[in-house]
Amino acid sequence: MLDDMMEKAHAYGADECEVFFQEGTVSAVRFEDSRLKSMDCNQVIGVGLRVLVEKRLGFGAASDLGKIRLVAQGAVECALHGEKTGISLPASAPGAGGIRLEDEGVRKLKPEELAEAATRAIGRVNQYERGILVFGGIGKGDIRIRIANSSGFDSEYRKTVLWATVGGQLVDGKNILYCYREWAGTSAPMEVEKLAERVISDFRVSRVNVEIDGGPKTVIFTPRAGVALFDVLKLGVNGMNVEKGTSPIRNKMGERILSEKLTLVEDGLLENGIGSAPFDDEGSLLRKKTVVDHGVLRSLAVDLRTAPKLNVPATGNGFRIDRYTGWQSYQSPPSPQSTNWLLMPGERSYEEILANIKDGVIVDLMMGLFTGNLLSGDFSANLMLAYRISDGKIVGRIKNAMVSGNFYQIFRDNVVAVSRETERVTEGFRTNVFPYLCAKGVMIST
Amino acid sequence: MRNFVRDLIGKFRGKCDYIEMRIEESTETSIRFSGKELETISTTAEFGGCVRCLSSGSWGFASFNDLHDIERFAEMAAAQAKLLGRQRTVLADVHPAEEEVALLLKKDPRGVPLGAKVSLMKGYNDLINGYSREITSSLVLYFDRHHKIWFGNSEGTNIVQEKMDIAGVCSAICAEGDKTRSQRVMFGSNDDYSCAEGLEEKVEEVCRRAVLQLRAPKVKSGRYTVIADPTLTGVFIHEAFGHLSEADNVYENKRLQELMTLGAVYGSEKLNVYDTGLRMGSRGYLKYDDEGVPTERTYLIKEGRLVGRLHSRETAGLMGEKPTGNARALSYRFPPICRMRNTCVEAGEVSFEEMVRDIDLGVYAVNTTGGETSHELFTFGAEGGYMVRKGKIAEMVRDVTLSGNVFTTLKNIDAVGNDQTLYNGPGGCGKGSQTPLPIGHEGPHIRIRDVIVGGE
C-alpha cells in the first residue's frame, strides 16, 4: 500500500515522497457519576503523505485507503503552491534500537478486566466518601507506525499503550471540588488502586477552604504543575520558533537561561514512556540528550524542515501531533516537538522544603494557562487546585485566586529548591518525570 | 448509503435497547503561513463510521475506518454495552426524522481554486510581515472542511446532513529582546467563504495593536470592574455558564441538581442567555445534532434565572425534560456528548459610553485568547486591554487574564450593552478529548464588578 502510494505520487509529478502509515485499535471503559457509562473501541487507520516537487513541499492525509490516488494528486497540487525547503529525507532504516515498546500483557487485557479495574477504583474512592461522584477512564491501545520514503527508508514499530484517569467531584454547598490523577505507560501493570489512593489524599487536603491575601509568595509547584509551566520552554526550544525569531531564547545557546539548580534531559527512549519510539515521525533516530544543563541551554528540538535553516542536524523531534489533543496523528504534518522530559531531582525532600515555608502556596492544577502569552513566558492562570502553606504545614485549599508571572524570570532567578522525589506526569503523547519545584516571589492574586 | 445504514440497523435492532450508526465523509483544505513562509498546505480526506448501542443504561461504542468490518464492530458495541449495563434505559422521546439536509451556501469555498486561497492568505501574510520592523513574524491560518454525515437509529430516524466549516486567523507577532507579543484577527462561518475575504484593514489594525503592545505595561493584579468587549463576552458566557449548563454534569448528580434547579437565581435581572443551533453564519449552526434531534434556541438564563439546560436524549430522558439537540460528536471517532452550539448573551440597553462613564478604576478587556472552567471556577483570557480611569478609556495594558466564580460573577454583571456581535474563530470548544468542536458566540459589551485580574 505504501509502495502504491509512492508510485502514484511519482506518477503525478512528485520528485520525492514520504508515507506515514498509522494503524491501531484503542479501547477504553469510561465511568462518570460513580458508574460505568460506556465502553469504547476505536479502529484507526490512516496515511499521511508528504511530497516534494522541485523541493517544494506538499502534504495530504486520508483515512480512506480507497482514496490514495486523490491524496497523491492533492499533495502534489499543494506542493505546486508550496514553499521551497531544504528537506532531505533520511535513507537509513534503523531497527527498533532495543527499546521495549510492546507488552503482551496489555494486548491480552480483556474488556471485562478494564471494567473490573474501573469498578475497583470507583469502589475505593466511594469507600472514602460516598458523596464523591467518581469519573475517569481506563484504556489500552495497540498501535503500528510505519514510515517509508523515496530515499529508501522503510521501517516500522509497534507500541502498546495503557492509561488510566481516576477523579472525583464533590459538591458541598456552593463548593464544587474536582480532584483527579492520571497514569500512562507502554506496559502493564497499571496500578489503578494507587491512583484512587492519590485522589483520596487530594480530597483529604482539599476539604477545608482557607483565605489568603494576594501578593508575592513562596510557591511549591507540584510535578504536574511544573510540567504544565514547562510548556513555555517547549515553545522556547522549538526549532521553528527559534528560526522565526519568536523564541525569547533564540540566541541563548550555551547561555544560562534557567536556575543552576535545573537540569533537563530529553529521553526519547525512556523505559515505559508513552512518547518513546525508535525513530520520530520522519525517520530520524531518537536518543537521550541534555536540553538544559545546570541552567545552561544545550539543545533545541529540530525536525527535518528546520534543520537546514538552523544549520544543525535533525534531533529526532519531528512528530505529527494533533495540536489540540496532543496525540500522534497521521492527519498532522510533522513539526518540531519535544518528547519525554526528565527534570533532574534535587537534594532536599519535599517534606523538608514544605517545612521551611512560613507563608506560601502549593500550586497543583491550573486553568487557562494557554490563554497567556506563553511564547514570551508570561502566564496567568486560575488556581483550580492549590493549597495554603502556613508555618510549614498545609492548612487548606485556596480558590478564587490566580497565579501569574514570567516563566523565564521565575525559573532563572527565583528557584529556591528542587525536591529529590519525582513523579511521572503524562501530557499529550509524552511521559515526563518531574520533581517538586519551589520558587519565591511568585505573584498570587485574590 | 441511507439504505446501507437502515439495513445494518435492522440487522442489529434486537441485540440491545437502542442502536444508532453514523457514517462520515469529509474533506479539508488547510493553508498555514508562519513568518514569511508557507509552512503547510494540505488536503485531507476522511472516511469512517461508528455504531453506538445502549443496553440497560450503559453504552457500547465502536468506530472504524474500514466499512467492511462494520458488522464485527457493531457486534462489539452491542456486547460492550451489555457488559456494563446495570440499570434502566431511558431516552427522551423524539419524533423519528427522515431528511436530506443540503448545504445553503452564500459562497462555496469548494468553488475557489487552491491557488486563489493561497494568494488571499499570502496577501494578509505579506501585509503583516511588511508592516514595520517591529513585526518579526506572523501566523496566518485558513481551513475549510466539508462533511457529509449519514445517521440512522433503531427508532426509524434516517438523516443525511451536509455541513461546511470555514475559519482562520491572521496573527502579527512582535519580538524585541526577550519580549514577544502577538495580536490577531479571527474569522469563521458555516456558509460563506467571504468571511475570509477583505480583511486587509483589520489585519493592519492588528499590526498596529501588536506594535503598541510591545510598549504596554502588564496590568496590575487585583480586583477590578471589567468591561468585556463582545468577543470576550462570548467566551466569558461559554466558560462561566455554558459548560455548567451541559446536562451530563447534572443528570446523575443530585447535589448539583439542588444547586441547579430551574428558577434558581444565577445572574442579575439584566442577564439573558441562550444557546442556539439555528444561527446561520455561526460555526455552531446545526440542523440536527449527532443523535438526530432537531436543534432549537434553548434559553439557559432569563432575567437572571436558570430556565433550561443543554441536553442529550439520555440526560433529557432521565431528568424528565425536553431534548434540545445538544448531543454533538467531534467526528465519527467519538460518541456524542452534551455540547454548546452558538452561545449568546442577549443585548441590553446600555451604550458603551454609559458603561465607561461611571467607572473610577477598571479594565476594558478586548478580544480573546480562550478560556477554561471547572464549573464553579472559570478563567478567560483577553488579548489585551485598556485601563479605565475616572470614566475614560486610558492607557493600553497587556496580559489581561480574568477569573470568576459561577455563584457570584454572573450576579456582578451590572450593565449589558445595546450592541451585539457574532464571533467565529478558528479554534473551538474542548471537552474531554473532543477538541476543537466548532462553536460560535454572540454578545454585547458587558460590565462586571469585582473580577480577579492576574498580573504583576
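In the predicted model, helix H3 (residues 114–129) of chain B and helix H4 (residues 200–215) of chain B have axes that come within 10 Å and cross at roughly 30°. Angles under 35 degrees count as roughly parallel, so H3(B) is roughly parallel to H4(B). The crossing of the two helices is right-handed. On the side of H3(B), the residues in contact are B:Tyr124, B:Leu127 and B:Ile128; H4(B) contributes B:Glu200, B:Val203, B:Glu204 and B:Cys207. By class, the residues of this contact comprise five nonpolar and two charged, with no polar residue.

Strand pairing within chain B was examined for strand E18 (residues 384–389), which has pairings with E15(B) and E19(B). Strand E15 (residues 361–366) of chain B runs antiparallel to E18(B), and six bridges join the two. Within this pairing, B:Ala365 has B:Gly385 in E18(B) as its bridge partner. The pairing of E18(B) with strand E19 (residues 392–397) of chain B is also in the antiparallel sense and extends over four bridges. Here B:Val388 stands opposite B:Ile393 of E19(B). E18(B) and E19(B) form a hairpin with two residues between the strands. In that hairpin, B:Lys390 takes a positive phi near 45°.

A further position in chain B is B:Lys163, located in strand E6 (residues 158–176) of chain B. B:Lys163 has 20 C-beta neighbours inside 10 Å and therefore counts as buried. The C-alpha atoms of B:Lys163 and B:Tyr285 are 8.9 Å apart in space, although the two residues are 122 residues apart in sequence.

The contact between the chains takes 70 residues from chain B and 66 residues from chain A. On the side of chain B that touches chain A, strand E2 (residues 37–55) of chain B gives the most, with eleven residues. The residues of that side of chain B divide into 33 polar, 23 nonpolar and 14 charged. Strand pairing also occurs between the chains: strand E2 (residues 35–53) of chain A pairs with strand E3 (residues 58–64) of chain B in the parallel sense, over five bridges. In this pairing, A:Ser38 stands opposite B:Trp59 of E3(B).

Definitions and conventions
Residues numbered from 1 in each chain as written. Chains lettered and ligands numbered in written order. Predicted model: local features only at pLDDT ≥ 70, side-chain atom pairs only at ≥ 80, totals over all residues. Pairing = 2+ DSSP bridges. Axes fitted to C-alpha atoms, helices over the stretch in contact; angles between N-to-C directions. Parallel < 35°, antiparallel > 145°, perpendicular 65-115°, else oblique. Left-handed = near helix turned anticlockwise from the far one by under 90°. Contact = placed C-beta atoms within 7 Å. Nonpolar A, V, L, I, M, F, W, Y, C, P; charged D, E, K, R; others polar. Buried ≥ 20, exposed ≤ 12 C-beta atoms within 10 Å, placed from the backbone.
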